[in-house]
Number of protein chains: 6
Amino acid sequence: MKRRAVCPGTFDPITNSHLDIIERSRRIFDEVIVAVTTSPSKKPLFSIEERLEQVKDAVRKLDNVMVESFDGLLVDYVVKKKGIAIIRGLRAVSDFEYELQMALMNRRLSQGVVETVFMMPPEEYSFLSSTMVKEVASFKGPVRGLVPRKVTEALRRKFRK
Amino acid sequence: MKRRAVCPGTFDPITNSHLDIIERSRRIFDEVIVAVTTSPSKKPLFSIEERLEQVKDAVRKLDNVMVESFDGLLVDYVVKKKGIAIIRGLRAVSDFEYELQMALMNRRLSQGVVETVFMMPPEEYSFLSSTMVKEVASFKGPVRGLVPRKVTEALRRKFRK
Amino acid sequence: MKRRAVCPGTFDPITNSHLDIIERSRRIFDEVIVAVTTSPSKKPLFSIEERLEQVKDAVRKLDNVMVESFDGLLVDYVVKKKGIAIIRGLRAVSDFEYELQMALMNRRLSQGVVETVFMMPPEEYSFLSSTMVKEVASFKGPVRGLVPRKVTEALRRKFRK
Amino acid sequence: MKRRAVCPGTFDPITNSHLDIIERSRRIFDEVIVAVTTSPSKKPLFSIEERLEQVKDAVRKLDNVMVESFDGLLVDYVVKKKGIAIIRGLRAVSDFEYELQMALMNRRLSQGVVETVFMMPPEEYSFLSSTMVKEVASFKGPVRGLVPRKVTEALRRKFRK
Amino acid sequence: MKRRAVCPGTFDPITNSHLDIIERSRRIFDEVIVAVTTSPSKKPLFSIEERLEQVKDAVRKLDNVMVESFDGLLVDYVVKKKGIAIIRGLRAVSDFEYELQMALMNRRLSQGVVETVFMMPPEEYSFLSSTMVKEVASFKGPVRGLVPRKVTEALRRKFRK
Amino acid sequence: MKRRAVCPGTFDPITNSHLDIIERSRRIFDEVIVAVTTSPSKKPLFSIEERLEQVKDAVRKLDNVMVESFDGLLVDYVVKKKGIAIIRGLRAVSDFEYELQMALMNRRLSQGVVETVFMMPPEEYSFLSSTMVKEVASFKGPVRGLVPRKVTEALRRKFRK
């Protein structure tokens, strides 16, 4: 049986740090589903369609990686997809505590069936988050090298006016 | 090709929290090698022979788990064993920072070949560490339910006099 | 003279972790007042009337526990109620720093008269917060065992449509 | 050549802890520019004009300290002003991680030209933040000793009605 | 029945921060026992007799505070003394995690009978620890104002040669 | 008057992360004294003579950087050298708290004359510490790129047998 994992996130937008985690996780698992959450309450800069397209473009060369949008309770989605694990990137102590709480809640909600597995982004992206990328871009600062090329262009268009 | 992971530690002694992580990781990977480090500089309470025996006994029913002792540079060992990942349990913020540093160092030393994957112990063991178990046992306090049965007995013998 | 403590919070909604802290603190103090803050700026899911009723129902069997709503500066309220201490639950490092700042501010505002006392929730609720409960409930996930029975029902009604 | 540093912030309002950092940093550098960000997205309590006036009044006796408003990408501003460093106060662990990420991003954005230097507020202000000052003032609590005298008056006027 | 609490520590030596916590906790509880642990494994600077004498001298005017030496499992001692709570000071995030683990372990070992209650030292002692006092004294630095007067003298004698 | 800063440490051995901080700080200050502490209690791998030589070699091309050994109370040394600031690198949360305590203690011991200024190492060295370098070297792992060339050789000699 194939070992499948789900890598969830808002990806508003996807960064090179996200891509790095996806790239690493697909060496651990047989298949990785990148699950883009609609997250309307977060009022994302990019629509779910834009984000799906950006993520799909960024992972198009990774053959065992799929991209889907998703809405609802994460563990239900993972179970439906026959996933055995949720993959999360861990960058900072403040991430860590929230992530630990989520992981314990998800273990409980899935009655122990769904595991959470954490991976660490490379040190050169230790400062990188979607929020910081948007902040820099909103001031017309350079984001090249921090996000995929298509996202760089999309950010430029968003903040042109 | 089999996906093999290495779960390293001093295991002085192995606790139920360690066992939980091993149990979970063997569902993610095809094979898990529990690598007991000799760690002479830590002056362990139990000899490497005792610790190997305790760990082997604790995992004897888990068919895709192997136990070995090991000494030297961890990534060299993992590469030799054809492992693709190191498994570490993450319990607390203080663990987190050290573990992050180790993971980045190991990624560098293995030139990106060896990944570190973190898993979280269940909440009922969030306070549990080998050090705390030894401290309680040294004062003749009860450790049943915190460590495998054979370790309970071994701790009692160590601190009997 | 009776030793009275105040346990303040938004309780939107009260969880089993809150209840555990209240239960423990009433063994330390002669009387405990659970002070439900109106907190309009937090835009609570439940109205102050709903929250008061939920908390009152949850503590109805604890004879030295009272429930009140409150609005304004916490230390003024505690002094008016002749309380000697504020009780707060501490779960995570991120809580800790904010709580430390609040405790120092309150000590200063009360000129040293009002103390803050911290207690820790049991490990099985280490992942539990009102926010997480609402998130799970909003996706129709199960919250039984995490909140009092009446709150389970109230959450179901809120998110039915 | 004069060594010039920039001390950026929203200063909504300036506190005695900010003033302490400014006072210390002007002993390290030849000139310090206090850069008040307009920060419309944070919906500040005081307008940029009010905040500029409050900061100017608070530092009027410090001869090598200037005050300016600023908007846009911080490193661009620092480079334009021929600054060599950004000064930030560090109070708590939660500050620390965000500040570290900002510092690394700013180093990257300025191609290593702009350094970030951190200083620590004195222990008596370890609990002090603009947010907490506003919260206390909103409940008519005393803020004397926490902010400059003019800010005390301004807060009283804001929350009078 | 009297509410009794135990405030344990190595007190090598007692600092003004410890004294502050003891002073505050005796307003919460009817009686406070300061329990000085022998802690031979920590190789204390002062003998258990010296530390007991220093602590007794420092609290001699606090009528509901007793001082005892103790050795063994803390919860056993607290139960024997009919204490209902352990009092601990919380200063920093790094304290916090260890203390949380100890509190959960002690709750388990006492089957829920012994509670741990945390209090925070005043901000002016936020940097103060026995270790730092000894380090300063070892270099003949001034420790007046950080420890009781008798401890200042004792430190001077220890590091005279 | 020249602005002079002191950058203290055990430097056992000096790493590229230390060097980076020294390089940055000499752009902020007119002169930087790298103060190598003898630290006998830490049982350093390299003697004070070896460490002095390694540091001197590493900074030999930085014209406003001096190297000295030092023993005793740091603030006394800084005052004697007419320094206005102590420079410290901040890498992790665990560093942060200890460093904050040291900075506050040193401010108090120097009666506010000596400031502590923190700088952050670049992200590519976020995992790098002298301890980790020694651990890797002790297992014959590669440390090239983490420490100056002469230190690489010295480590190889130390761990050759």
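Tutor: Across the interface of chain B and chain F, one residue pair is in polar contact, with both residues at pLDDT 80 or more. The model is a predicted one, so please read every value here as computed from it. Eleven residues of chain B and 15 residues of chain F make up the contact. Between them, chain B and chain F bury about 1,200 Å², and carbon and sulfur atoms account for 67% of that area. The side of chain B that touches chain F consists of six nonpolar, two polar and three charged residues.

Now turn to chain A, the other partner. Here 30 residues of chain B are in contact with 29 residues of chain A. The area buried between chain B and chain A is about 2,600 Å², with 60% of it from carbon and sulfur atoms. Four salt bridges are found across the interface of chain B and chain A. One of them joins the side chains of A:R24 and B:E115, with 2.9 Å from N to O. Polar contacts link 15 residue pairs across the interface of chain B and chain A, both residues of each pair being at pLDDT 80 or more. On the side of chain B that touches chain A, the elements giving two or more residues are helix 1 (16–28), helix 4 (93–109) and strand 5 (115–119) of chain B. Helix 4 of chain B gives the most to that side, with seven residues. By class, the side of chain B that touches chain A has 17 nonpolar, two polar and eleven charged residues.

What about chain D? No contact joins chain B and chain D, and their closest C-alpha atoms lie 11 Å apart. Chain C and chain F are likewise without contact, their closest C-alpha atoms lying 11 Å apart.

Finally, a look inside chain F, the partner we began with. Strand 2 (residues 31–37) and strand 3 (residues 65–70) of chain F run parallel and are joined by six bridges. Within this pairing, F:A35 of chain F stands opposite F:E68 in strand 3. Together with helix 2 (residues 48–58) of chain F, strand 2 and strand 3 of chain F make a right-handed β-α-β unit.

How values were computed. Residues are numbered from 1 along each chain as its sequence is written. Chains are lettered from A and ligands numbered from 1 in the order in which they are written. This is a predicted model: local features need pLDDT of at least 70, side-chain atom pairs count only at pLDDT 80 or more; totals for chains, interfaces and linings use all residues. Side-chain values use heavy atoms; hydrogens and water are left out. Two strands pair if DSSP finds at least two bridges between them. Helices (H or I, at least four residues) and strands (E, at least two) are DSSP runs, numbered from the N terminus. A crossover is right-handed if, with the strands pointing away from the viewer, the path from the first strand over the helix to the second runs clockwise. Contact means heavy atoms within 4.5 Å. Buried area is the accessible area (1.4 Å probe) that two parts lose on being put together, summed over both. A polar contact is a pair of N or O atoms within 3.5 Å; within protein, one must be able to donate a hydrogen and the other to accept it, and residues adjacent in sequence count only if both atoms are side-chain atoms. Ala, Val, Leu, Ile, Met, Phe, Trp, Tyr, Cys and Pro count as nonpolar, Asp, Glu, Lys and Arg as charged, and the others, Gly among them, as polar.
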